[in-house]
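Reader: Hi! I'm new to this one, could you walk me through the charged side chains?
Author: Happy to, let's have a look together.

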Amino acid sequence: MTDRIHVGGNLNSLMAQYPEIGTRVRLLAEHLAELEQLNSSAGGHGDEIAETYQSNVVEPGSRTHEHLNKLIALVTQQAGDGGQGALKLFDAAEQDATEKAKGWLPD
């Protein structure tokens, strides 16, 4: 275990990327919905083979995509929130350390 925490100078810029990641996750959901619609219409409707395809391929795939996208969105949100919280703690610690260090300086 380390005795000191090092915050890279690019941490703020890295954390600033989380909104873009969120946008990309939303776009992924939109593309998956489009893919599912195409897959569903390509499978046909109204006959036994089409209904079997819909229930065994399209519906399970749609649920899997939906769950996966929700998980990616949740993890991204939690990482972004946690990172923002960490940045606030690091900033507060730096300010506190600066104030404490000023007390050690000779007048």
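Reader: Let's start with E48: buried or exposed?
Author: E48 is exposed, as its relative accessible area is 68%. Buried means under 20% relative accessible area, exposed means over 50%, and partly exposed is in between, with a 1.4 Å probe and protein chains only.
Reader: Before we go on, what kind of model is this, and how are residues numbered?
Author: This is a predicted model, where local features need pLDDT of at least 70 and side-chain atom pairs count only at pLDDT 80 or more, while totals for chains, interfaces and linings use all residues. Residues are numbered from 1 along each chain as its sequence is written, and side-chain values use heavy atoms, with hydrogens and water left out.
Reader: Thanks! Where does E48 sit?
Author: E48 belongs to helix α3, which covers residues 48–104. Helices here are DSSP runs of H or I with at least four residues, numbered from the N terminus.
Reader: And which residues form the negative surface patch?
Author: That patch is made by D47, E48, E51 and E59. Patch residues have over 30% relative accessible area and no salt bridge, and like charges are joined within 9 Å. Asp and Glu count as negative, and the place of the charge is taken as CG of Asp or CD of Glu.
Reader: New topic, then: how many salt bridges are there?
Author: The count is 4 salt bridges, each being a side-chain nitrogen of Lys or Arg within 4 Å of a carboxyl oxygen of Asp or Glu.
Reader: What about E66 and K70?
Author: Their side chains meet in a salt bridge of 3.1 Å, N to O. E66 and K70 lie in helix α3, 4 residues apart, so about one helical turn lies between them. E66 is partly exposed at 42% relative accessibility, and K70 is exposed at 51%.
Reader: Last one: how far apart along the helix are D96 and K100?
Author: D96 and K100 are 4 residues apart in helix α3, about one turn. Their salt bridge is 3.7 Å, N to O.

Terms used:
Patches are made of residues with over 30% relative accessible area and no salt bridge: like charges are joined within 9 Å, nonpolar side chains (Val, Leu, Ile, Met, Phe, Trp, Tyr) within 5 Å. Accessible areas come from the Shrake-Rupley method with a 1.4 Å probe; for residues, only the protein chains shown count as cover. Helices (H or I, at least four residues) and strands (E, at least two) are DSSP runs, numbered from the N terminus.
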